[in-house]
Amino acid sequence: MIITEIKKIQNCSKVILLMGPTASGKTDLAMLLSRILPIEIISVDSALIYRYMDIGTAKPSLQNLSEVPHRLINIKDPAECYSVVEFCQDALQAMEEIINKGKIPLLVGGAMFYFHALLSGGFPRLPSCKPEVRLYIAKKAKKIGWDMMYKKLERIDKFSADRIHPNDTQRISRALEIFFISGKTLTELNKFFLKINLLKKYQVYKFVIMPFDKIVLHKYIERRFYKMLSLGFEKEVRFLFSRGDLYQNMPSIRCVGYRQMWLYLLGKIQYNEMIFQGICATKKLAKRQITWLRKWKDVHYLNSDNIFLSCEKILKVINENR
């Protein structure tokens with residue numbers, strides 16, 4: 001039973017981070033917290049930023065978004081790019097606006113690189129993505145092949161090429177794009193890191209929600225993928241496919257689930273194989289997210305099997321550290 005009498009939690013520049021792997025119940029817990037605490041939600045998700053990508057990203061429902069608006073959702077078209085530097089700028093601005101309203105920012109999501117950037121810095125000042133440059137690279141790769149594009153990268157930036165697998169077309173594309181835009185290699189730009197905790201001035205509470213049993217998480221992932229299909233995931237991707245200005249190496253289409261459905265629509269894999277690959281890719285994503293999470297200290301763990309107990313624990317931690 002959830003706490004019925006809660007001490008009044010003053011803001012005092014508090015910031016709550018709610019992290020966790022995909023399908024771990026972050027949205028449900030965030031919605032529950034919104035009914036109890038004076039919070040506003042900031043999405044920390046590299047897929048939810050895209051418009052028209054609702055089902056495959058498990059985006060909060062229109063009803064949830066109308067009840068509790070989420071910032072940094074639906075801010076980009078799938079043809080556009082969004083860098084980690086842009087995210088940090090947008091998130092910090094949103095936090096200040098929320099705090100100035102006397103409320104508490106609640107950052108929710110599974111984009112661990114975004115959380116890492118806020119907490120630890122350690123990312124270079126890279127140029128923003130340019131869709132026209134990415135399109136040029138994609139067309140060139142289609143014409144001469146990614147093997148030749150990789151060799152081009154080796155000539156331009158041998159150090160970066162040695163760190164990128166020849167089959168990792170996304171990273172090859174980004175490394176070439178950076179050079180074409182800035183005239184400098186990724187290796188050169190990586191020398192100038194920002195290593196600073198961007199949340200240093202706030203009182204930060206870090207929570208991680210996930211099932212304590214990996215098998216349970218995998219069942220959640222499988223169940224959710226089939227639910228997405230029943231809700232019309234294929235129709236959603238067919239709409240994107242029909243636009244004609246999107247291609248499979250764009251960050252939006254490389255999102256888990258969309259990549260596999262795109263291959264199915266291209267006729268490269270069968271429907272059942274799409275389902276199998278989509279579920280496997282989601283499980284691998286969850287594994288990577290958990291690996292990130294285990295590196296961080298001062299984190300409070302929550303069991304997603306009972307979001308009411310998780311909510312109580314969050315309130316208890318915040319109250320004890322007022």
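A cavity is a set of points, on a 1 Å grid over the protein atoms alone, where a 1.4 Å probe fits but cannot get out, and its lining residues have an atom within 4 Å of a point. The structure is a predicted model, in which local features need pLDDT of at least 70, side-chain atom pairs count only at pLDDT 80 or more, and totals for chains, interfaces and linings use all residues. Residues are numbered from 1 along each chain as its sequence is written, and side-chain values use heavy atoms, with hydrogens and water left out.

View 1. The whole structure has 1 cavity of 30 Å³ or more. The largest cavity holds about 30 Å³ of space, a volume being the space filled by probe spheres set on the grid points, which are joined across faces, edges and corners. Its lining consists of Arg134, Ala138, Trp146, Ser173, Tyr247, Asn249 and Met250. By class there are 4 nonpolar, 2 polar and 1 charged residues; Ala, Val, Leu, Ile, Met, Phe, Trp, Tyr, Cys and Pro count as nonpolar, Asp, Glu, Lys and Arg as charged, and the others, Gly among them, as polar.

**View 2. The second largest pocket.** A pocket is an open set of grid points with protein on both sides within 12 Å along at least five of seven lines. The second largest pocket contains about 490 Å³ of space. Of its 17 lining residues, Ala138, Lys142, Leu246, Tyr247 and Gln248 lie nearest the centre. Helix H5 (residues 131–144) gives the most to this lining, with 5 residues; helices (H or I, at least four residues) and strands (E, at least two) are DSSP runs, numbered from the N terminus. The lining has 9 nonpolar, 4 polar and 4 charged residues.

View 3. Six strands with parallel pairing stand in the order E3-E2-E4-E1-E7-E8, where two strands pair if DSSP finds at least two bridges between them. Strand E3 (70–71) and strand E8 (299–303) are at the edges with a single partner strand each, so one side of each has no neighbour in the sheet. Helix H1 (residues 26–34) lies across E1, E2, E3, E4, E7 and E8, at about 165° to E4. Helix H14 (residues 307–320) touches E1, E7 and E8, and its direction makes about 155° with that of E8. Contact means heavy atoms within 4.5 Å; axes are lines fitted to C-alpha atoms, for helices over the stretch in contact, and angles run from 0 to 180 degrees between N-to-C directions.

**View 4. The pairing of E2 and E3.** Strand E2 (residues 39–43) runs parallel to E3 and is joined to E3 by 2 bridges. Isoleucine 41 stands opposite histidine 70 in E3.

**View 5. Lysine 101.** Lysine 101 is in the loop between helix H3 (84–100) and E4. Not counting residues up to four places away in sequence, lysine 101 touches Glu40 and Arg71.
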